[in-house]
Amino acid sequence: MSTSLPGRAWGLVRSLLPTRADLAAMGRNPRRDLLAGLTVAIVALPLALGFGVSSGLGAEAGLATAVVAGALAAVFGGSNLQVSGPTGAMTVVLVPIFAKYGPGGVLSVGLIAGVLLIALAVARAGRYMKYVPAPVVEGFTLGIACVIGLQQVPGALGVAKPAGDKVLVVTWRAVEEFVRHPNWTAVGLGLAVAAVMLIGARWRPAIPFSIVAVIAATLAAQLFHLDAAEPIGDLPAGLPAPSLSFLDPAALGSLLAPAVAVAALAALESLLSASVADGMTVGQKHDPDRELFGQGLANLAAPLFGGVPATGAIARTAVNVRTGAGSRLAALTHAAVLAVIVFAAAPLVSKIPLAALAGVLLATAIRMVEVGSIRAMVLATRSDAVVLVLTAVATLALDLVYAVIIGLVVAGALALRAVAKQARMEQVSFAPHLPGEDRQEEHALLAQHIVAYRIDGPLFFAGAHRFLLELAEVADVRVVILRMSRVTTIDATGALVLKDAVEKLNRRGIVVMTSGIRPGQHQVLDSVGALGLLRLEGREYATTPEAIAGARAHLQCTGVLPLPAQRPQPASLIAEEATP
């Protein structure tokens with residue numbers, strides 16, 4: 001009995017909500033999860049502050065996002081190990097939105113993106129993440145790393161961020177301003193923080209050197225009265241009350257396209273991060289649709305508290321896994337610790353130099369680049385190298401969503417090209433399929449008037465026209481036999497090309513016969529009229545020997561071959577060859 005519509009709707013909703021198994025997992029090893037969450041919070045603090053500043057909304061927006069979105073995504077997301085919050089990739093998208101629409105535009109975009117992510121979850125779109133090729137992901141990550149690094153140049157040089165939404169232009173203007181008014185104090189702090197993080201990660205990977213470096217830079221700025229080291233500034237002690245005052249109904253239509261870009265990026269990065277977490281563990285497997293649902297709720301709530309759009313954070317998720325997290329309790333602890341910092345330590349956090357945060361993000365950008373993975377992709381095939389480089393350049397020069405679309409289109413085109421190359425047509429001998437008692441002279445005579453071709457692989461739009469050109473060049477014979485049992489697939493273009501080739505041969509007086517057409521390919525051939533042409537006067541045969549017998553009969557009827565003498569015929573034609 002079919003399930004009612006309300007029953008199916010409730011089943012869909014229930015599949016996206018937390019389960020008892022999630023709660024049970026949180027109680028298995030709470031001490032380990034609490035320690036992992038504390039470690040992730042220490043790593044996430046400077047990143048949340050830095051990404052908030054980079055987005056244009058300020059450090060408090062980054063902290064609000066880490067707390068609110070981090071907690072909701074941990075509870076409702078599809079991964080036990082995912083840690084969510086503001087990320088560099090999202091910041092790259094938000095900068096031009098902030099430049100064009102201001103803070104209210106960024107918050108509105110986050111709200112709309114949350115609705116879109118929930119819609120994607122309901123539509124079960126999470127499964128399609130597996131179709132994104134690895135070179136696109138690597139090129140995307142490389143491009144993001146470059147953009148994040150360039151975005152930190154004004155802060156690391158100690159100059160005000162120049163106007164503009166193109167990162168290359170802004171970086172050049174910042175360098176020009178620095179040349180006119182150099183600030184070596186900011187440069188020293190930024191480079192020192194980045195160096196401590198990079199060297200420390202190699203020396204003692206388990207120690208969160210980002211917070212160590214930020215604390216040291218803050219103390220140095222206070223003790224030595226480094227006035228050139230501009231601090232973050234005053235932070236509110238706590239999260240603001242929920243509000244929708246930022247919404248401008250008149251501007252919502254123009255914000256839809258940026259919101260689609262934010263939602264697409266949030267989905268892509270979150271599902272990628274969850275997949276990375278699965279790969280780093282044994283026995284963990286995320287639910288992609290639940291992950292989209294959790295990210296949707298997180299992005300619905302974060303703007304209400306002044307937070308920027310959030311997504312799963314690969315770096316923080318990796319730290320979470322490496323420190324022994326086993327359940328959602330770790331990500332919840334990370335959000336709770338950051339909430340305590342927001343309420344209790346806002347005055348201390350406000351003294352952190354902006355140059356120190358720029359150094360943190362510079363080091364983060366450098367560590368995002370997996371040189372080994374990029375080298376492997378570049379050396380794998382020329383197509384992989386092209387896709388990776390093109391995606392990275394598009395990320396840097398255009399925007400992230402366009403870059404992914406370009407990467408997917410190019411990767412798909414190159415993949416189709418490779419598949420099309422697998423299709424081939426070669427002339428084959430039909431002598432093995434003639435009855436053994438036929439005279440050698442008849443073999444030779446048949447060979448003068450019949451040619452057999454075997455088509456292997458797919459016959460579809462990417463390579464069908466090449467097939468037409470080859471078939472149209474058939475020598476002046478009387479019968480062409482097309483052996484089609486090895487054709488793996490035919491689309492409408494391939495069927496039309498086949499029909500066109502048969503019609504051209506028929507106009508030259510050449511009869512076309514076929515053998516081995518698979519039952520599943522009849523429909524597409526019939527839809528374009530090719531099947532009726534191939535069946536003309538019974539010219540479609542199940543096996544190659546039957547097609548050869550039909551060709552011989554045709555040549556005998558037309559007087560090309562002599563009529564058979566009255567002699568015993570073989571009991572039956574040879575069965576279909578082992579390899580058609």
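**Entry 1: strand β4 and its partners**

I looked up G457 and found V487 in β6 as its bridge partner. Strand β6 (residues 487-490) pairs with β4 in the parallel sense over 2 bridges; I took strands as DSSP runs (E, at least two residues) and helices likewise (H or I, at least four), numbered from the N terminus, and I called two strands paired if DSSP finds at least two bridges between them. The model is a predicted one, in which local features need pLDDT of at least 70, side-chain atom pairs count only at pLDDT 80 or more, and totals for chains, interfaces and linings use all residues. Residues are numbered from 1 along each chain as its sequence is written, and side-chain values use heavy atoms, with hydrogens and water left out.

I then followed β4 to strand β5 (residues 479-483), with which β4 pairs in the parallel sense over 5 bridges. Here I450 stands opposite V479 of β5.

Strand β3 (residues 424-428) runs antiparallel to β4, and 5 bridges join the two. I noted E426, whose bridge partner in β4 is R454.

Why is β4 described as largely enclosed by the rest of the structure? I found 10 of the 10 residues of β4 (residues 450-459) buried, so the strand is largely enclosed; buried means under 20% relative accessible area, exposed over 50% and partly exposed in between, with a 1.4 Å probe and protein chains only.

**Entry 2: the largest pocket**

I turned to the pockets, each an open set of points on a 1 Å grid over the protein atoms alone, where a 1.4 Å probe fits, with protein on both sides within 12 Å along at least five of seven lines; lining residues have an atom within 4 Å of a point. Grid points are joined across faces, edges and corners, and a volume is the space filled by probe spheres set on the points.

The largest pocket holds about 1400 Å³ of space. Its lining has 48 residues, and A315, R322, R367, M368 and E370 are the closest to its centre. Helix α6 (residues 134-151) gives the largest share of this lining, 8 residues. By class I recorded 32 nonpolar, 8 polar and 8 charged residues, with Ala, Val, Leu, Ile, Met, Phe, Trp, Tyr, Cys and Pro as nonpolar, Asp, Glu, Lys and Arg as charged, and the others, Gly among them, as polar.

**Entry 3: the second largest pocket**

I recorded a volume of about 740 Å³ for the second largest pocket. Among its 31 lining residues, V92, V93, P96, L398 and D399 lie nearest the centre. The largest share, 7 residues, comes from α5. By class this lining has 22 nonpolar, 4 polar and 5 charged residues.
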